[in-house]
Amino acid sequence: MNRFCMNLIKVISLSLGLTVSSCYAISNINVYYYNGNDNFINLYATFLGKLSERSPLNFKFYDAQNHHQEQLESIITGLYSGSPAIVNLVDVNDAPKVLEAAKDSGSKVVFFNRLPSDSALASYDDCWYVGANSEQSGVYIADEIDDYFKTVAHYDKNKNGQLDMVILQGEKFHHDTFNRTLMTVTKLKEKGYPLNIISKNYDNWDRYNAKRDLLKQIDLVGISNIEIVVANNDAMALGALDALKSHGYNTDVNDKEHYIPVFGVDGLPEMLKEVEAGRATGTLISDYSALAKVCYEIATSEAQTDEEVTQLVWYKTENHKTMIPYIKFASFKNYMKQKYVFPYQK
Ligand code: GAL
């Protein structure tokens, strides 16, 4: 029996004053990715893939490769089959249409990573969001940058009285892009850094675009006039490193003259390795395994309220949003040293 039938039974039973205790048995779950080539989404997908192998449920994974219309059609078809959906939207503006179909069919939807509007989320009771607080990531990166400059005791290498910064941004209308840039810049200004933003182009989370972008800025202003590179994610921070290395920078950690601090966000294994080795400077860990597990738990549970979901997943859930905290690299490193090895060493 699918969720649609069960919801119908629930409604009829409630109107007759009966309680339905043991609900539907879910047998399938559909998972939709905006783009499987995205490095962070790929980590999530690999982890959820492993979880699915141990699950009694039948998982189907769909990679939209950035095509929003195909993704929308496929999500709607899946919802009408009565299966819950875990959804990473190509275009967050498609959320209302997804939720209309979910409402009609009585199916549960768990969005993750790309945040739909509050009004869309409020339009259907059995709709949830799992993600991370992007303002927090911007604030934490500003803290890491400040910590770094305090240890080296200077930031103005070219002595122009400014901190000359290249920002490599993600997608244009993405909440993480907007909040990471905004909060990092705001907090650094509050901390007293006289920022000169050389450029802040949209490199769409992509390593190669970021490399090209930074090479262009190097050509335009000269490498000695770039004092820091802040990327909205690790893939782009790695692209920045590719560019710097091709100019002989950030290769020899003892050569401070040829080093430009580079920051990212996500905690990709390759970036952790670069930061640990001292060729890159900082990142945050965005816990993809927690993200995947929480999505899975919510999608397969019958929890209906924020309190029930909070108890289920052990992350505070408010207004149907569960936020997984970011972890600063330094805290992660200390913790990991005691408990585990770094993921890339496995
Ligand atoms: C961000 C992440 C990026 C990219 C993006 C896709 O949270 O930091 O690397 O994966 O999501 O929506």
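The exercises below concern helix packing and ligand surroundings in a predicted model.

**Exercise 1.** Determine how H6 and H7 are oriented to each other, and describe their contact.

Step 1. Helix H6 covers residues 134-152 and helix H7 covers residues 175-190; their axes are 7 Å apart and the packing angle is about 40°.

Step 2. Angles under 35 degrees count as roughly parallel, and those from 65 to 115 as roughly perpendicular. H6 is therefore oblique to H7.

Step 3. The handedness of the H6 and H7 crossing is right-handed.

Step 4. On the H6 side, the contact is made by Ser134, Glu135, Ser137, Gly138, Val139, Ile141, Ala142 and Ile145. On the H7 side, His175, Asp176, Asn179, Arg180, Met183, Thr184, Lys187 and Leu188 take part.

Step 5. Sorted by class, the contact of H6 with H7 holds six nonpolar, six polar and four charged residues.

**Exercise 2.** Carry out the analysis for H9 and H10.

Step 1. The axes of H9 (residues 234-246) and H10 (residues 269-277) come within 9 Å and cross at roughly 50°.

Step 2. H9 and H10 are therefore oblique to each other, and their crossing is left-handed.

Step 3. From H9, the residues Asp234, Ala237, Leu238, Leu241 and Lys245 meet Glu270, Met271 and Glu274 of H10.

**Exercise 3.** Assign an orientation to H11 and H12, then classify the residues between them.

Step 1. H11 spans residues 288-300 and H12 spans residues 306-313; they pack at about 130°, with axes 10 Å apart.

Step 2. An angle must be over 145 degrees to count as roughly antiparallel. H11 is therefore oblique to H12.

Step 3. The crossing of H11 past H12 is right-handed.

Step 4. Val294, Glu297 and Ile298 of H11 make the contact with Val309, Leu312 and Val313 of H12.

Step 5. By class, the contact of H11 with H12 has five nonpolar residues, no polar ones and one charged.

**Exercise 4.** List the residues around the ligand, and give the distances from polar side-chain atoms of Arg114, His174 and Asp176 to ligand oxygen atoms.

Step 1. The residues around the ligand are Tyr34, Asp38, Phe40, Asn113, Arg114, His174, Asp176, Arg180, Trp205, Asn233 and Asp266.

Step 2. For Arg114, a polar side-chain atom is 2.9 Å from an oxygen atom of the ligand.

Step 3. For His174, the distance from a polar side-chain atom to a ligand oxygen atom is 2.8 Å.

Step 4. For Asp176, the corresponding value is 2.6 Å.

Step 5. Asp176 and Arg180 are listed around the ligand, and both also belong to the H7 side of the contact with H6.

Terms used: Residues numbered from 1 in each chain as written. Predicted model: local features only at pLDDT ≥ 70, side-chain atom pairs only at ≥ 80, totals over all residues. Heavy atoms only, no water. Axes fitted to C-alpha atoms, helices over the stretch in contact; angles between N-to-C directions. Helix = DSSP H or I, 4+ residues; strand = E, 2+ residues; numbered from the N terminus. Left-handed = near helix turned anticlockwise from the far one by under 90°. Contact = heavy atoms within 4.5 Å. Near = heavy atom within 4 Å. Polar contact = N/O pair within 3.5 Å; in protein donor to acceptor, adjacent residues only side chain to side chain. Nonpolar A, V, L, I, M, F, W, Y, C, P; charged D, E, K, R; others polar.
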